[in-house]
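Here are my notes on this model, as numbered points. Keep the structure open beside them while you read.

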Amino acid sequence: MTEDDAPTVRRSAGEFGGAPARSSDDVVEATSADGDDASRDDPGGSDSGDRKDGSGSDQDPADETGNGATGDSAEEAGDHAAGDSAEEAGDHATGDRPAGATTVEASRLSSTDHWLGIAAVTFLTAGLGVLTQSRPLFLAAVVGVGYLAYANATEAPEPSLAVTRAVTDPNPEPGDRVGVRVTVTNAGDGVLPDLRIVDHVPDALAAVDGPARTATALRPGASVTFAYTVLARRGEFTFDGLDVVARNVSGSRERALELRTEPTTITCLPPLDATETVPLHGLTSPYTGRVSTDSAGEGVEFASLREYQHGDALSRIDWNRYARDGDLATMEFREERMATVVVLVELRKAAYLQAGPDGPHAVDRSIEATRRLFNSLIDTGDRVGVATLAPDDVWQAPGAGPTHQAEVRNLLATHPTLSPTPPSDRVYVPGYLRTFLHRLADDAQVVFVSPVPDRTSEYVARAIHVRDHPVTVISPDSTRTDTPGRTLAAAERSNRLASLRESGLRVVDWDPEESLAEALARGRRRWSG
Amino acid sequence: MTRRLTAAAGVVLALVGLVALAVPSVTTTLPTDETVVSILGGVLLLGAAREIQRRRDASFEYAETSDTEVTVELPTPGDDFDRRLETITVTRYNQLQRQSIRDDVREVAVATLQRRERCTEDEAQVMLDEGTWTDDPFAASFFTRRPPKTSARNRIRELFSSTPPFQRRAVSAVREVHRLAEGEDD
């Protein structure tokens, strides 16, 4: 229930980083004009709302405002909001539409059945009073009639609200705390005696400080501000909705609205870093790169000696041997070539798994791994592309160079398909594989990043591998062993990975406790040993 | 519309009542004998009964707001199996449910045995049926479906344990399968 949460109510929009003052809009001007004392005053009996039902707090919402019930988060956000973000919100507000204009997405009017018992009491006392001819009993019914009139005289108001939202940092780093301040102004003509507001926090973000909701009463032109803090994570997130419940004075009727507000977006791009060298299979392109091949030619690692042929470079002649035997021989080195790699990330619904309630989930870790692999491979001069095994597939063909790098970085950070929340659609895997294999160049190898949640993932990895595109599976482990079911799932996954290894695929089992670099190093030891 | 009409009628009657306070003669035309008053009382009590019934059937219906502050919870692999296993009780025997749990564990057990013991699927099935795959008598009896080959004391303890024997054996079997699967890597 909203009333159980202590709302962090700020007094007026006047304090709101100056954003409303910048706008010429009527609504906001009204707000600035009498916003200061607006929420302090008790607009038309807001103390008699459903707070009499005993389930809410005894405090009048206006009292809470007056007391300055501001949690730390509100203060904190308040301090920040005076900075860039408020400026930005202000700029945003000077568009064609009035500042904070909202549209109603859905509206539902209903009875709360709040005063239903009163009618029974009234009838009962009146009936008994008449039958027993007792005047006091009969007169007692008049009190009930009074309450009935109070309960049914008014209808739930239709709120007309202006909403502005500001974030402390629209471009945070992952893990940053971002303050969000929402100011709701009663832009209509009527008093809203009982208003509950819940901000739509994007699904993937958690509000870590302060509830993203408030309850208050607003007279025309008055506004309320509440603030909360979210923990930023990779991706692009839009705040663009608000749930509102408006009740009449007696709380007998209510109107539940879903409002669409002007969108506020935070974009969180992970920093660029490449830490680990990715061990690749021997399949390479004809171009010079860093993957050692078995063919002899130019390179740094000695491979073999052969008889001198006319035209061989002088620098490659083994002069020691010439000095010893007088024979001319040419040294050959392992050729180092460039590899073409496609990193395929599994984003099927089944891959959205989490080992326990804390920490990043499997897909977050997969995308994190993809980003690191991509950066490392690009740094070592390979051509890298990115693809997703998802309902809406993403394909970024292998490439190199700064533009490609920037494109992929942006794609990994903000593409909606790479969302931290599970997709609702399913993937038709055989069809997907056909398209994917068709797109792959002949010399491309695949790094498949997947928690391998079921047989389908195993099948995908195998299907690509047998079509001469060697597959390295990097599998973030999201299993636990604290309950029988989870233990069984862990054993199942272990079997799946073992069976992939037996088929010649390279598999890196990435434990949540270790870094990707450690997991890759462990994998490399296994392959070289 | 009816709401308005009844409200208006109520207001008119209230006014008549107020007027009657000042001019009592207004009410003389109204029937006030015992029977009419009793009938009126009865009707009011009936009304009360109806309202009490309505109140009893109804509960407050407030709009629910979403838990917007929390992120979407994702499952951990195996949660579904845990849920199914928890519904097993001694008193309500559900053969199909038990069979599906047994099949699930068996499938993983067969794959694990094939991998670790380097045997064929049929050999693994035989090992499970005969209970030779593990030293744990409870785990073995989960697949053999015979009483565990253990001391009478242990069996009595199993009988008096708060967890149903099926559940306990399933847990032992899962633990053994996992131990096998996680053994030294080949």
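1. Start with one residue. Setting aside neighbours within four places in sequence, Val343(A) is in contact with Thr370(A), Leu373(A), Phe374(A), Val384(A), Val386(A), Val447(A) and Val449(A). Two residues are in contact if their C-beta atoms, placed from the backbone, lie within 7 Å.

2. A word on the source. This is a predicted model, in which local features need pLDDT of at least 70, side-chain atom pairs count only at pLDDT 80 or more, and totals for chains, interfaces and linings use all residues. Residues are numbered from 1 along each chain as its sequence is written, while chains are lettered from A and ligands numbered from 1 in the order in which they are written.

3. Which residues touch the most other members of the largest nonpolar core? They are Val341(A), Val343(A), Leu344(A) and Val473(A), in a core of 53 residues. Helix H9 of chain A gives the most to this core, with eight residues. A second, separate core has 41 residues, including Val178(A), Val230(A), Phe237(A) and Leu257(A). A nonpolar core is a set of buried Ala, Val, Leu, Ile, Met, Phe, Trp, Tyr and Cys residues joined through C-beta atoms within 7 Å. A residue is buried if 20 or more other C-beta atoms lie within 10 Å of its own, exposed if 12 or fewer, and partly exposed in between; C-beta atoms are placed from the backbone. In soluble globular proteins, nonpolar side chains tend to be buried together.

4. Now the sheet with six strands. It is open, its pairing is mixed, and its order is S14-S13-S12-S15-S16-S17 in chain A. The edge strands are S14 (395–399) and S17 (506–510) of chain A, each pairing on one side only. On average, neighbouring strands are turned by 20° against each other, direction ignored. Helices (H or I, at least four residues) and strands (E, at least two) are DSSP runs, numbered from the N terminus. Two strands pair if DSSP finds at least two bridges between them.

5. Look inside that sheet. Strand S12 (residues 340–346) of chain A runs parallel to strand S15 (residues 444–449) of chain A, and six bridges join them. Val345(A) has Val449(A) as its bridge partner in S15(A). S15(A) also pairs with S16(A) in the parallel sense, over four bridges. There, Val447(A) stands opposite Thr472(A).

6. Is S16(A) enclosed or open? Six of its six residues are buried, so S16(A) is largely enclosed by the rest of the structure. Val471(A), Val473(A) and Ser475(A) point one way, while Thr472(A), Ile474(A) and Pro476(A) point the other. In a regular strand the side chains alternate between the two faces of the sheet.

7. Helix H9 (residues 362–379) of chain A lies across S12, S13 (383–389), S15 and S16 (471–476) of chain A. H9(A) runs at about 170° to S12(A). Axes are lines fitted to C-alpha atoms, for helices over the stretch in contact, and angles run from 0 to 180 degrees between N-to-C directions.

8. Compare a loop residue. Asp482(A) is found in the loop between S16 and H13 of chain A. It counts as exposed because it has 12 C-beta neighbours inside 10 Å. Asp482(A) and Gly356(A) are 126 residues apart in sequence and 9.7 Å apart in space, C-alpha to C-alpha.

9. Another sheet has five strands. It is open and antiparallel, in the order S1-S9-S8-S4-S6 of chain A. S1 (103–111) and S6 (213–218) of chain A stand at the edges with a single partner strand each, so one side of each is left without a neighbour in the sheet. Five bridges join S4(A) to S6(A). Arg196(A) stands opposite Ala215(A) in S6(A).

10. Now the two chains. Chain A has 14 helices and 17 strands, and 47% of its 529 residues count as buried. Chain B has eight helices and zero strands, and 23% of its 186 residues are buried.

11. The chains meet through 58 residues from chain A and 47 residues from chain B. H13(A) gives the most to the side of chain A that touches chain B, with 13 residues.

12. Finally, confidence. Chain B has a mean pLDDT of 84, and 98% of its residues reach 70 or more. pLDDT is the predictor's confidence in each residue, from 0 to 100. For the complex, the predictor gives an ipTM of 0.71 and a pTM of 0.66.
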